[in-house]
Structures are given as structure tokens and as C-alpha cells.
Amino acid sequence: QGYEEELEARKVVLRYLNLEETVLFDHEKILQASERKLLEIAGLRRNLEKEEDVLQKEYQRLTQGKALELPEDLEQELVNLGIHVVYGMEWLAKNGYSEKENLELVRSHPFLPYALILSSAEVKKLSQNAGSIYTSFPIPIVAREMLEKSGEERGSGIIRLEGVSFYVWFNENLLNEEKLKLLVQEKEKQIQKKKEAIGVRQAEYTEYFERQERIRNQEVSKEKWEANAKETARLS
């Protein structure tokens with residue numbers, strides 16, 4: 001009876017693994033298929049976790065005003081130089097200007113939402129001391145004094161500087177409190193859905209792992225089953 005119960009449990013695992021019952025007694029093959037399935041589920045879960053991490057960073061940028069993510073070593077260098085970092089989006093959220101005034105600022109200074117806001121003195125200090133920290137992407141810096149000057153509004157997403165062009169098109173909804181709130185709520189929903197999907201994969205992994213361990217610890221084998229059948233026939 002114990003062997004029959006083990007084989008019934010094994011048949012369930014075979015169905016989960018899409019294996020034929022012809023391998024019912026191939027203990028090693030079943031465990032190998034189970035291990036592959038666990039690796040597959042773990043990979044899917046990791047991908048979901050990476051996607052959630054991206055959403056979390058987007059959420060932080062929306063709620064904390066950080067459209068730019070500084071490398072840690074550069075961030076520490078700025079601290080060492082006594083330079084207080086203010087992010088463009090953070091500055092736009094706290095400057096006390098109206099939405100219209102901020103829109104005009106962004107249209108005149110298109111790099112502003114993605115930039116660090118430093119004083120001219122801080123820009124000078126950084127230029128004199130920089131050089132030991134390498135970056136993998138350009139970091140825009142806008143001098144605070146420049147924001148007092150009006151710039152030329154542009155009609156496209158292309159900004160041309162000497163020898164290089166940038167595509168920059170800022171989502172102006174981020175400057176509207178109500179629209180920003182809706183964007184934040186939508187991002188929260190996306191994060192929650194991703195967490196739920198991760199939870200499903202985690203539960204699936206746990207279930208497969210527990211089934212694998214039950215198979216690993218089973219005693220029944222083809223030889224034992226046949227010997228048991230002969231003994232049962234002899235005693236009946």
C-alpha cells in the first residue's frame with residue numbers, strides 16, 4: 001500500500017513535468033526533469049524581479065524627483081567636495097513657481113528635469129577637482145544662475161550642440177500635481193501586479209521543490225515493486 005501511494009504521487013509529478021508514465025520507475029530521469037523545471041521557474045521569477053526593480057526605480061523618480069540616477073562614487077565625490085546635490089525634478093517640485101512658470105523654464109532649459117542644479121561656484125569647484133571619477137553616461141549640470149535667464153523655446157525633441165545632437169522630450173504631465181498623482185497611482189498598480197506575479201512564481205517553485213523532495217525520498221523502485229507483487233501473489 002505504501003508503494004502504491006508513492007507511485008500515485010509520482011504519477012501526479014509526471015503530469016506536472018509532462019513526462020510519460022513509461023518513465024515511472026526512472027527515478028533519476030524524473031529528478032532531472034524536476035530540476036530543469038525548478039531552474040525554469042526560478043529564471044522566470046528573476047525576470048519578474050528585475051522588471052519590478054525597474055518599476056520601483058521609476059516610482060522613486062516620480063515620487064522623489066530623481067529623473068537622474070548618479071553613480072555612487074560620483075555622488076560620494078560631490079559629498080566630499082561639499083557640494084549639495086539638487087536634482088532638476090526635485091527643484092521644479094519645490095521652487096514655489098506655478099505650473100505655467102515651470103513649463104516655460106523646462107521649455108527654455110530642456111535638460112533641466114534630467115540635470116543637477118548647482119551654483120556657478122559649485123560648478124567651478126567640480127570642474128577643478130573632477131577627473132578621477134569615470135561615468136558611463138553624460139550627466140547634465142545646470143547652473144542655478146542660468147535659470148534666471150530666459151532661453152529659446154524649441155518645437156522638436158532634438159537639441160543640437162556643437163558636434164552632437166540630443167533627443168529630449170520631457171513629459172510635461174509631471175509638472176501637474178493631479179496628473180503626476182495619477183501617474184504615481186498607475187505605477188503603484190503596476191508594481192503590485194508584478195509583486196503578485198512574483199508571488200505566484202514563488203509558490204509554484206515551492207510546490208515543485210516539495211514534490212521533488214517527496215520523489216527523492218521515496219523508497220519504491222521497479223525491483224522492489226516487482227518483488228512486492230510476487231510476495232503478495234504468493235500470500236493471496
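This is a predicted model: local features need pLDDT of at least 70, side-chain atom pairs count only at pLDDT 80 or more; totals for chains, interfaces and linings use all residues.
**Helix α7 and helix α1**

Begin by selecting residues 2-16, helix α1, together with residues 177-216, helix α7. The axes of these helices come within 10 Å and cross at roughly 135°; α1 and α7 are therefore oblique to each other. Their crossing is left-handed. To view the contact itself, display R10, V12, V13 and Y16 of α1 with E207, Y208, R211 and I215 of α7. Five of the residues in this contact are nonpolar and three are charged, with no polar ones.

**Helix α7 and helix α2**

The contact of α2 with α7 comprises 20 nonpolar, seven polar and 14 charged residues.

**Aromatic pairs**

Select W91 and Y97, an edge-to-face pair with 5.9 Å between the centres and 80° between the planes. W91 is buried at 15% relative accessible area, whereas Y97 is partly exposed at 42%.

Finally, select Y114 and F170, whose ring centres are 6.2 Å apart and whose planes stand at 85°, so this pair is edge-to-face. Y114 belongs to the loop between α5 and β2, and F170 to the loop between β5 and α7, so the pair ties together parts 56 residues apart in sequence. Y114 is partly exposed, at 26% relative accessibility, while F170 is buried, at 9%.

Key. Residues are numbered from 1 along each chain as its sequence is written. Side-chain values use heavy atoms; hydrogens and water are left out. Axes are lines fitted to C-alpha atoms, for helices over the stretch in contact, and angles run from 0 to 180 degrees between N-to-C directions. Helices (H or I, at least four residues) and strands (E, at least two) are DSSP runs, numbered from the N terminus. Angles under 35 degrees count as roughly parallel, over 145 as roughly antiparallel, 65 to 115 as roughly perpendicular and the rest as oblique. A crossing is left-handed if the near helix is turned anticlockwise from the far one by less than a right angle, and right-handed if clockwise. Contact means heavy atoms within 4.5 Å. Ala, Val, Leu, Ile, Met, Phe, Trp, Tyr, Cys and Pro count as nonpolar, Asp, Glu, Lys and Arg as charged, and the others, Gly among them, as polar. Rings of Phe, Tyr and Trp (its six-membered ring) pair if their centres lie within 6.5 Å; planes under 30 degrees apart count as stacked, over 60 as edge-to-face and the rest as tilted. Buried means under 20% relative accessible area, exposed over 50%, partly exposed in between (1.4 Å probe, protein chains only).
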